[in-house]
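Please keep the sequence and the model in view while reading.

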Amino acid sequence: MVLSISPATVYTSFINGATAVKKKSELDVTTQEKLLPVISPATNKPVFWFLAASQEDVGKAIEAASEAFDSSDWSHPARAPFRAQMLRNMAAKLRERVEELADLEVLQIGRPRKEMRFQLSRLPEWFEYFASLVSVQEDSIPPFGPGYINEVRRLPLGVVAQITPFNHPLLITIKKLAPAIAAGNTVVIKPSELAPASIIELAKLCSEAGLPNGVMNVVLGAKEVSSRLIQDPAITKVDFTGGPQTGKAIGEQAGGNLASLTQELGGKAPMIIFAPPYVEQLDKASVDAYLDPIVNGCAFGAFIASGQTCIAGTRILVQHSIYDKLVAKLVDKTKVFRLGEPMDMTTTIGPVITERHMNWIHETIKSSLAVEGKVLEVRCGGKRFKGFEGDSAELNKGNYYEPTIIAVSTDLSAQMKLDELSATQTVSRVHHTSDVFQNELFGPAVVLAPFYDQTHAIALANDTDFSLGCSIWTKDLLQAHQVADKVQAGIVWINDHHKNHPSSPWGGLTKMSGIGRENGLDALREYTQAKSIVINCNEFTSDWFKDPNARYN
């Protein structure tokens, strides 16, 4: 099946197994006036349209999900094998359509086709993993005391709301959807208004795979749709991925409804690079052999998805003895990046999602340099890219920002060898006060700073409000584990960055990076609740009100 998408295509919500993908010309004038565009960040032109869900539509979606949960045997623990088979069917359908769905993602968010085809090729694994997990799920029998058996069952929560972002539309939706369905819940999803189409196509695909009507519903729109969804008393859980400020607002709304909450929020992941042992005694070839793979890993960690991912390694902390060399090598690495048409398989850097956000990135960088211009240097980039020519000239209207490297002056790393205290204090101060170190830019911009020793590296790594991810680059595994133990990050990679697996828990350690976990057994448990059944294996003989020696417990 090949998707037929044009600037005249209109998407509508998916409710109780039904949706409509139409042409604008098929709609009456009143409906056309309500349509909202999805803008390509590569050209800032509409690529298709969608009709936002009304308050009534959201109510219908929740009602359909409630009926599917209550009136069928979908949610019963004994139906776990059926749900597992549904997940496997969905994985098979998704695998058949990876390329067309990847192209749709490229169209709406501007991520390079090379990235999206690889990312989507792995998504069936999430359905398959949770199918396997729920197939072997067992009740537990915790100790209770002589003469008693305590059976603990895991039951679904009910109707859950999932609110997903623009940057990884299908990946993040499937990370939430798979454990929710496996556990026996029914779902209402509100995708980003910047990237709604692929989630509607996913819902259609799941329906084709046999998923019962009402189990998965998708409502389109912006924050007013999210608010209506979250505040409905039928919603038992809200699962959100996005920014901390929105997360706070959603948490307040969910709390007012006494709904449980999982949130994956912001990040400012450090990539900590240690020098090889006895680096002063190594020749240039040996130092290059050590640094070059690390530079490749850091370039991937920082610039994949044009930096528009919460786990991006956007703070690179480098031991002072190799700082100058690492900075120079990373700058050279950006020269092989290719900005271009996202559908071109040779493009490696795509646009920023909106012009407004691109401008915010630029102003944040400018203001930081204005304050710390004697310490911070732009080593490359730092401005909008408008160098497209010929057939690609239209892309100059898009939101392309040059891959940007901002580095603490190499003079400070040199000073660390002579005056450790003064230089270290300066680096720590700039790191703590500068917006480019403290704020999540969510774009193709990375900041670098030298550190004096392991203690200084850990202090810098932990000097933000975020705690989602971190990577540590060293050949000394004892050192790696010592640092991993002390950095505040929910996900720590050693000699790698950005890797993800459906079995590996994913989430932050501090509130600004979120609450709860995606992936693995943790995710399945967060979509269930415990029901405790206590069985007295003996005849009941106690009479509390007659026997003065009767035991209460």
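This is a predicted model: local features need pLDDT of at least 70, side-chain atom pairs count only at pLDDT 80 or more; totals for chains, interfaces and linings use all residues.

Val-378 stands opposite Ile-406 in strand S14. Residues are numbered from 1 along each chain as its sequence is written, and side-chain values use heavy atoms, with hydrogens and water left out. Helices (H or I, at least four residues) and strands (E, at least two) are DSSP runs, numbered from the N terminus.

**The seven-stranded sheet**

S13 and S14 (residues 404-408) pair in the antiparallel sense over 4 bridges; two strands pair if DSSP finds at least two bridges between them. These strands belong to an open sheet of 7 strands with mixed pairing, in the order S13-S14-S15-S12-S11-S16-S17. Its edge strands are S13 (376-380) and S17 (491-494), each of which pairs on one side only. On average, neighbouring strands of this sheet are turned by 20 degrees against each other, direction ignored.

Further along the order, S11 (residues 270-273) and S12 (residues 315-319) run parallel and are joined by 4 bridges. Arg-315 in S12 is the bridge partner of Pro-270. Pro-270 and Ile-272 point one way from S11, Met-271 and Ile-273 point the other way, and all are buried. Buried means under 20% relative accessible area, exposed over 50%, and partly exposed in between (1.4 Å probe, protein chains only).

Helix H13 (residues 355-372) lies across S13, S14 and S15 (445-451), and runs at about 135 degrees to S13. Axes here are lines fitted to C-alpha atoms, for helices over the stretch in contact, and angles run from 0 to 180 degrees between N-to-C directions.

**The four-stranded sheet**

A second open sheet has 4 strands in the order S2-S1-S4-S3, again with mixed pairing. S2 and S3 (35-39) stand at its edges with a single partner strand each, so one side of each is left without a neighbour in the sheet. S1 and S2 pair in the antiparallel sense over 2 bridges, and Lys-22 in S2 is the bridge partner of Val-10. Helix H4 packs on this sheet, touching S1, S3 and S4 (46-51), and the direction of H4 makes about 95 degrees with that of S4. Contact means heavy atoms within 4.5 Å.

**Helix packing**

Two packed helices are described by the angle between their axes and the distance between the axes. The table gives these values for two pairs.

| Helix pair | Angle | Axis distance |
|---|---|---|
| H4 (residues 98-109) and H8 (residues 197-208) | about 160 degrees | 9 Å apart |
| H14 (residues 410-418) and H15 (residues 420-433) | roughly 145 degrees | within 6 Å |

H4 and H8 pack at about 160 degrees. That angle makes H4 roughly antiparallel to H8; angles under 35 degrees count as roughly parallel, over 145 as roughly antiparallel, 65 to 115 as roughly perpendicular and the rest as oblique. H4 contributes Leu-101, Leu-104, Glu-105 and Gln-108 to the contact, and H8 contributes Ala-197, Ser-198, Glu-201 and Leu-205. These residues divide into 4 nonpolar, 2 polar and 2 charged. In this grouping, Ala, Val, Leu, Ile, Met, Phe, Trp, Tyr, Cys and Pro count as nonpolar, Asp, Glu, Lys and Arg as charged, and the others, Gly among them, as polar.

In helix H5 (residues 113-121), the buried residues are Glu-115, Met-116, Gln-119 and Leu-120. They cover an arc of only 110 degrees around the axis, which puts them on the same side of H5; the arc is that of the directions from the helix axis to the C-beta atoms. The buried residues of H5 pack against H4, H6 (124-135) and H7 (169-183).

**Individual residues**

Most residues other than glycine have a negative phi. Asn-16, although not a glycine, has a positive phi of about 55 degrees. Asn-16 is placed in the loop between S1 (9-11) and S2 (22-23) and is partly exposed, with a relative accessible area of 39%. Ala-305 also has a positive phi, near 60 degrees. Ala-305 is found in the loop between H11 (284-303) and S12 and is buried, with a relative accessible area of 1%.

Ser-66 lies in helix H2 (residues 55-70) and counts as buried at 17% relative accessibility. Not counting residues up to four places away in sequence, Ser-66 touches Val-159, Thr-186 and Ala-234.
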